[in-house]
Amino acid sequence: MTKSTLIRFLIGKSILETVLVATIAVGFYINAFPPYFHGWGEATATTIAGWAVNNNAPSERVSVQLFVDGTFVAAQSANLARPDVPAAGWAEDEWHGYSFALPALGAGTHEARVYALHESGSGTRLTLQQLGDPIRFSLDASGRLIDLAKPHP
Amino acid sequence: MTENKEQTIDLISAKALALAEIFSIVVSCLIAEWVFLSFFSRHRWLVIVPLILAVIFMILSHRAYNESAQMIGFRVDNFLSAVRLLLWPTLLAVIVILVVGWFLSGPPVLSRLLRPRLLLVPGWALLQQYALQGYINRRTQVAFGKGAVSICVVAVVFALLHLPNPVLTFITFIGALVWAAIYQREANLFALAASHTVASISLALALPLNVINGLRVGFKYFG
């Protein structure tokens, strides 16, 4: 064993460790944040509503959480009827909808984000993945929601 | 061809190679602590992967440096001399640990002696002392020579491997200073492992778990 061989081993060991750590990092990311969740949401007159599907298990209901202006509001299982979901080919059944009633909010513009809840690590880890885009809305004088992403007359 | 290779090695100084070796072993240990133990909690045995890589590399390195087991410190002829050097610092450490533990949480919890994992401490201590002194101390001596600088580097490395646990980081820094200095006088890994074992068990018995956080290091410290 010469020192030049040792240097080769040193370089080989470094490459192997880099590959090992990168593999673990990618594996962990895919496990904790799988790219299977799809969904969409909007502000209706009184609720934040939409749908959520886990493409890896399309027949299962997705647990979703609503945050408004960065604050947790509520959690529920997305199991309401959404005929548009099977029509668009996202799932075979229509029971993938959610609908969140909002708490009292102040006047002005607000932002809602709906997340899919994912369990990994044999239940030791819970991660949130945002479904669709953030939903920007405001409240009119009567307290009705106005989705700022939709065209208004 | 071989001559050219050796000339290349001459260009990479012995000091740079020794420092690169130390860095490589430290990285393996950090990967074990911060990656494997954190992300494979249900398959903790996988931590042996980076550790085996490190041990294989250290063995190859000993061959490249023509170091025998005796030179590294696996020997018994100087065991008593090393024990004599280690006796008072170890006793002092145990007394300080017991007094601080008593002050913080009362008498040592002797029931913790019944934990089966304590049986692993001597072997684990020998492996740590081998890596720390038999390998890293020897390479720091290649880079900086015998004395204060190499001793401090060994202590910093050992403390670094116990981050982010502040109590363990401090204690291991002090412990490694003493062990590294004694290793440079009497290279005997069995005596060092005995001292390490006594100190570790004293810590586990005397200090409250919330202070040492179950001796956790790496990401595990946080959860």
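## Briefing: two chains and their contacts

The side chains of B:Arg139 and B:Glu21 come together in a salt bridge, with 3.2 Å from N to O (the term covers a side-chain nitrogen of Lys or Arg within 4 Å of a carboxyl oxygen of Asp or Glu). This pair ties together distant parts of the chain: B:Arg139 sits in helix α6 (residues 121-144) of chain B and B:Glu21 in helix α2 (residues 14-39) of chain B, 118 residues apart (helices are DSSP runs of H or I with at least four residues, numbered from the N terminus).

The model is predicted, so local features need pLDDT of at least 70 and side-chain atom pairs count only at pLDDT 80 or more, while totals for chains, interfaces and linings use all residues. Residues are numbered from 1 along each chain as its sequence is written, chains are lettered from A and ligands numbered from 1 in the order in which they are written, and side-chain values use heavy atoms, leaving out hydrogens and water.

**Salt bridges**

- Across all chains, the salt-bridge rule gives a count of eight.
- B:Arg139 and B:Glu21 are both buried (buried is under 20% relative accessible area, exposed is over 50%, and partly exposed is in between, with a 1.4 Å probe and protein chains only).
- Over in chain A, A:Lys13 has a salt bridge to A:Glu17, and their closest N and O atoms are 3.1 Å apart.
- A:Lys13 and A:Glu17 are four residues apart in helix α1 (residues 3-32) of chain A, so about one helical turn separates them.
- Like the B:Arg139 pair, A:Lys13 and A:Glu17 are buried.
- B:Asp77 forms a salt bridge with B:Arg75, with 3.0 Å between the closest N and O atoms.
- B:Asp77 counts as exposed because its relative accessibility is 52%, while B:Arg75 counts as partly exposed because its value is 22%.
- There's a network too: B:Glu21, B:Glu67, B:Arg138 and B:Arg139 are joined by salt bridges that share partners.

- B:His62 belongs to helix α3 of chain B, and it counts as buried because its relative accessible area is 5%.
- Leaving aside residues up to four places away in sequence, B:His62 touches B:Glu67, B:Ile72, B:Tyr130, B:Gly134, B:Tyr135 and B:Arg139 (contact means heavy atoms within 4.5 Å).
- B:Thr90 is part of helix α5 (residues 79-105) of chain B, and it counts as buried because its relative accessible area is 13%.
- With residues up to four places away in sequence left out, B:Thr90 touches B:Ser195 and B:Val198.

**Where chain A meets chain B**

- On one side are 17 residues of chain A, in contact with 26 residues of chain B on the other.
- About 2,100 Å² is buried between chain A and chain B, and carbon and sulfur atoms give 79% of that (buried area is the accessible area, by a 1.4 Å probe, that two parts lose on being put together, summed over both).
- Zero salt bridges are counted between chain A and chain B.
- Three residue pairs are in polar contact across this interface, both residues at pLDDT 80 or more (a polar contact is a pair of N or O atoms within 3.5 Å; within protein, one must be able to donate a hydrogen and the other to accept it, and residues adjacent in sequence count only if both atoms are side-chain atoms).

Note on methods
Helices (H or I, at least four residues) and strands (E, at least two) are DSSP runs, numbered from the N terminus.
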